[in-house]
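Hi,

Here is the structure I promised to pass on. My notes on it follow below.

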Amino acid sequence: MGSYRVCVFFTRKFRIVEQEPPQDVKDAFKKYAEGGKYMTAEQLQRFLVDVQGEAGASLAHAEQIVKQALQRHHITKFARHNLNLEDFQHYLFSADLNSPIVDQVHHDMTAPLSHYFIFTGHNSYLTGNQLSSDCSDVPIIKALKKGVRVVELDLWPNSDRDDVHVLHGRTLTTPVELIKCLKSIRDNAFVASHYPVIITLEDHLTPNLQEKVAQMISTTFEDMLFVPGCECLKEFPSPEELKYKIIISTKPPKQYPKVISIKEERNNSKKGRGWWHLPLPLTFLTSLKRGSGASQKEPLNLPVDQEDEDKIDGDTSESSQDDEDNDASDPGFIPSKAPEYKHLIAIHAGKPKGELKDALKVEPDKVKRLSLSEQKLERITVSHGTDVVRFTQKNVLRIFPKGTRFNSSNYNPLIGWMHGAQMVAFNMQGYGKYLWWMQGMFRSNGGCGYLKKPELLMNVGPDGQVFDPKAELKVQKTLKVKVYMGDGWHLDFKQTHFDSYSPPDFFTRVGIEGVPADKKMFKTKIKEDKWSPVWDEEFTFELTVPELALLRVEVLEYDTSETNDFGGQTCLLVSELKQGIRAVPLYNKKGEKLNSVRLLMRFDFV
């Protein structure tokens with residue numbers, strides 16, 4: 001019983017009632033229990049095959065479900081070995097027993113790395129915003145434990161130029177020692193997944209410090225480090241071959257820019273060089289120091305970061321450190337003296353010369369990594385979308401957030417995914433719906449951080465044609481989604497969290513994100529004063545590219561005077577959905593699983 005104070009003298013009392021099973025559940029129990037009061041393991045097995053689409057469900061599997069469903073009873077689990085209607089509902093509404101996606105690795109992991117989407121972080125060492133937050137190994141550890149497989153480190157000399165720090169250069173971010181980050185990666189790389197971790201290095205170092213980094217990497221990772229047997233790979237190895245391996249990716253150090261003074265930099269800027277070669281104004285950076293956390297709103301009218309829209313080569317340092325267009329004979333450059341460092345680089349990053357379209361040409365005798373800003377990707381895909389798809393069939397493409405995302409916000413990852421980009425780099429310390437999509441995407445395939453790209457992105461037609469994301473296609477599959485009910489909020493939230501005067505008024509939003517033709521959003525009716533709402537509403541989605549579709553589910557609490565309150569969310573890759581009646585766990589705004597909150601839903605493909 002819950003009481004809500006309406007005014008000084010009056011209170012409203014509400015009882016939290018456990019809702020009875022939906023009619024579909026009752027009908028299924030009646031049918032497969034053959035009208036009896038109990039369902040045997042054999043009858044449950046038939047239900048699993050017919051309704052849940054589990055063609056390979058064995059009797060032993062059904063018996064295990066019965067055993068687990070009865071464990072909540074301390075006496076009857078020894079007295080009987082079958083399910084009543086209440087037990088059947090408990091099984092269906094348990095996210096542990098009846099999850100909506102396969103919770104184990106089940107994709108083919110023997111193809112080259114370029115055949116996979118990879119869970120990728122951006123500026124992985126930052127605890128908050130991009131300009132004034134602390135640098136630490138803690139966000140790296142958190143990301144690895146969530147299954148992130150690509151970690152980015154920006155390398156800079158310390159003030160004495162005798163050691164290496166990790167920080168976001170030309171900002172007020174406080175540094176962390178490189179060796180601390182490397183050791184944390186070593187100790188946590190394979191906690192969540194056995195598949196390889198790729199470290200992308202943004203290198204602002206002298207040759208002597210590059211040699212020191214090579215020694216740090218070699219001694220820290222030892223046999224864990226993947227060292228290619230040749231200077232440039234002709235094809236990437238597979239995730240299966242690279243299990244428990246650490247891979248280094250950066251641009252090979254062909255030449256090194258001489259250190260110039262601030263005075264020289266100012267003179268250069270007067271001659272037409274961009275202002276981004278200089279540190280950002282101290283007064284501007286200091287004004288950000290008050291709020292170093294990640295925010296959902298983007299600041300307006302801020303100067304462009306060094307990772308701006310014209311940067312092609314990858315990241316801040318790859319852009320400013322080594323430019324393939326620079327000649328080694330240039331007096332501003334000296335030859336690199338770090339051959340050991342160069343030999344540790346397994347995935348070469350490169351900056352294109354001339355037109356970007358030329359950089360997207362596939363070379364038959366080598367593979368590489370190319371990096372583009374989110375803005376650059378959007379522009380190039382307008383006219384050369386199929387060239388991007390063709391490039392990513394063999395090579396690796398990394399997308400990074402635009403430079404003005406100082407607050408560590410993120411962008412729409414689907415633009416990259418639908419063009420085959422393997423590394424869509426995200427600020428994992430941020431918030432917002434795009435991060436939810438990223439987290440939901442990579443819960444698939446057992447959360448191992450690698451998803452096999454759909455065949456449509458890898459296929460080549462008889463005339464060399466590849467998938468065109470802009471092409472108008474016919475409907476390939478229809479997905480029906482039914483939202484039965486929800487429960488668990490009264491266990492995870494305080495009684496007055498949503499409303500001080502009454503129980504919450506929940507409604508659910510259900511939608512598809514994918515290619516433009518497939519995008520659609522529905523919402524259920526509002527159920528007033530219910531901690532355990534029952535909606536029993538069905539929605540239909542016609543999908544032209546189901547392989548790239550994400551199912552979005554959000555529960556909100558209706559508020560007449562203010563913004564609706566958040567009640568949980570999840571994103572599920574449509575191609576990974578298990579059909580039938582499923583328990584769908586919900587997550588908070590950070591992407592952390594809520595302890596008890598879940599929905600009972602049904603998925604059918606027609």
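How many disulfides does a search of the whole structure find? The search turns up 0, with a disulfide taken as a pair of cysteine sulfur atoms within 2.5 Å. Cys232, for one, is in no disulfide: the nearest cysteine sulfur belongs to Cys230 and sits 7.0 Å away. Cys232 is partly exposed at 25% relative accessible area, while Cys571 is buried at 2% (buried is under 20%, exposed over 50%, partly exposed in between, using a 1.4 Å probe and protein chains only).

Before you read on: this is a predicted model, where local features need pLDDT of at least 70 and side-chain atom pairs count only at pLDDT 80 or more, while totals for chains, interfaces and linings use all residues. Numbering runs from 1 along each chain as its sequence is written, and side-chain values use heavy atoms, leaving out hydrogens and water.

Now helix H14, residues 374-392 (helices are DSSP runs of H or I, at least four residues, and strands are runs of E, at least two, numbered from the N terminus). His384 is buried, as are others in H14, including Leu377, Val388 and Phe391. Among the elements covering them are strand S12 (369-373) and helix H15 (414-417), with contact meaning heavy atoms within 4.5 Å.

Cheers

Notes
The expected span of a helix is 1.5 Å times one less than its number of residues.
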